[in-house]
Amino acid sequence: MIKRGNWNSRIGFILAASGSAVGLGNIWRFPYTAGKNGGAAFLVIYLAAILALALPVLLAEAALGRATGKNPVGAFKAIAPRGLWKSVGYLGVTAGFMILSYYAVIAGWTLGYFFKAVSGEFNRLTAAGHDAATMSRHGFASFTSSPVLQIILLAVFLGLTIYVTSRGVSGGIERWSKMLMPLLLGLLLLLMVRALTLKGAGAGVAFYLKPDFSLITPSVVIAAMGQAFFSLSLGIGTMITYGSYVKKNENLPASTGWIALCDTLIAVTAGFIIFPAVFSQGMDPAEGPGLVFNILPVIFAKIPMGQVFGAFFFLLLAIAALTTTVSLLEVPVAYFIDERGWPRRRAAWIAGGICLVFGIPAALSQGSVGFLTRLPLVNTDFLSFWDLIWGNLVLSIGALLIAVFVGWIWKSGNALLEITRGSGRFRPAFLWVIAIRYLAPVLILVILLSKILS
Ligand code: PHE
């Protein structure tokens, strides 16, 4: 039997799991999704979804992982050896591959933007006297439509992910997360101050904080719910896998509470950077996946030493993305190690290689190849489409099935024994049981159905 890894320190799990949670989901996906879905109204539903759905599912995943000490497939098998439940684990492993394949494309953009910042491109934009917004949009489009560059950046990012993952749990993942997460938060706060003091920032703050509830449609609700699960890395077994490395004496409710708090704070802060800046520049908050990459260079061009701050920011963002891509790759890797007996290195290289193959259509879907840039029937680009399928629908269905499994098959009583191990008490136990057995399954189902029927 190969010895499984463990987090080394008591806060190792908090840091590594927040490393997984905090990533492009907070800084890239949250602002553009909120921008497309009505701003403040989206924010309200998003926060409600975090509290009522995502937080209970996070605790359920972590407890399931720690109790079984397994990857998602192994965890379902350990509790329900017969029957179909283990296919939820397989769905998670597949989703891990698929999400990583397009996520690494965006992660590659952060590397590209790091080099752009270093080269002083953002400052040249404004110095040339052009409207910064138009110029940066231009720069973004030519950047993402260069096929060779897009594939190279994707491959480099996957290479880094494979390297860190193959070094194992505490050696790789934990060390990186520990050093860099606090730094990222500091820099975000700094940018927030700058964005809020831009001329015309008030309209952005109003867009973000003054809800217009008439904007809420089934699509908005499903986007907010999907974003809540996505942001906390739920629904595909990432937190089952990370939970399996947690020591028995660790306090799970406290740890998961911290993770959700950090993650939400960072996403909300990103909104306070992006929307004031978007409105002060007269840009469109609903413009889609390019939003953040178009707006941040504008802010950097407007602050003293913007070149240094810009370079530093994109570097940190790349690292935040790396601690996330590592957690995505870890799902299939843990499966290959536990269930197939592969050595870690081989598992990491093969799983990463598969992601590269699936990542190529996403990399070419932002202007390089016409067909992929505008898929027939769905009328959107391949990357956004893949994100909708895997990052929203499969994730939400996965979260639903995990809630039913933990609440009804494993049984909430057994889960509570695991949850309170190491902490002794868990005051909101009753609320958690209601959430995991009734609220989450019913609400997720109703939301998914309302979208299908609308
Ligand atoms: N939570 C990650 C982010 O916000 C994305 C992710 C989703 C990671 C699902 C793992 C599983 O960037």
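Let us start with a charge and a ring: the charged end of Arg 346 sits over the ring of Trp 342, 5.2 Å from its centre. A charge counts as sitting over a ring if NZ of Lys or CZ of Arg is within 6 Å of the ring centre and within 35 degrees of the ring normal. Lys 116 is placed in this way too, over the face of Tyr 113 and 5.3 Å from the ring centre.

Before going on, please keep in mind that this is a predicted model, in which local features need pLDDT of at least 70, side-chain atom pairs count only at pLDDT 80 or more, and totals for chains, interfaces and linings use all residues. Residues are numbered from 1 along each chain as its sequence is written, and side-chain values use heavy atoms, with hydrogens and water left out.

Now to the rings themselves. A pair of aromatic rings is described by the distance of the centres and the angle of the planes. Here, rings of Phe, Tyr and Trp (its six-membered ring) pair if their centres lie within 6.5 Å; planes under 30 degrees apart count as stacked, over 60 as edge-to-face and the rest as tilted. The whole structure holds 29 aromatic pairs. One of them is stacked: Phe 42 and Tyr 46, at 6.2 Å centre to centre with 10° between the planes. Both residues belong to helix α3 (residues 40–68), where they are four residues apart, about one turn of the helix. Helices (H or I, at least four residues) are DSSP runs, numbered from the N terminus. Phe 42 and Tyr 46 are both buried, a word that means under 20% relative accessible area, while exposed means over 50% and partly exposed lies in between (1.4 Å probe, protein chains only).

Compare the rings of Tyr 208 and Phe 275: their centres are 5.2 Å apart and their planes are at 40°, so this pair is tilted. Because Tyr 208 lies in helix α10 (residues 201–209) and Phe 275 in helix α13 (residues 252–280), the pair ties together parts that are 67 residues apart in sequence. Tyr 208 and Phe 275 are both buried. Elsewhere, ring pairs join Trp 109, Tyr 113, Phe 140, Phe 143, Phe 293, Phe 300, Phe 313 and Phe 314 into a cluster.

Just after α13, Gly 282 has a positive phi of about 65°.

Next comes helix α15 (residues 306–340). At 1.5 Å a residue (multiplied by one less than the number of residues), its 35 residues should span 51 Å, and the end C-alpha atoms are 49 Å apart, which agrees. Since 27 of the 35 residues are buried, α15 is largely enclosed by the rest of the structure. A kink of about 35° lies at Glu 330, shortly before the proline Pro 332; the bend is the angle between axes fitted to the seven residues ending at a residue and the seven starting there. After α15 comes Gly 341, with a positive phi near 70°.

Finally, look at the ligand. Among the 14 residues around the ligand, Ala 21, Gly 25, Tyr 103, Phe 230 and Ser 233 come nearest; a residue counts if one of its heavy atoms lies within 4 Å. A nitrogen atom of the ligand is 2.9 Å from an N or O atom in the side chain of Ser 233.

Notes:
Helices (H or I, at least four residues) and strands (E, at least two) are DSSP runs, numbered from the N terminus. A polar contact is a pair of N or O atoms within 3.5 Å; within protein, one must be able to donate a hydrogen and the other to accept it, and residues adjacent in sequence count only if both atoms are side-chain atoms.
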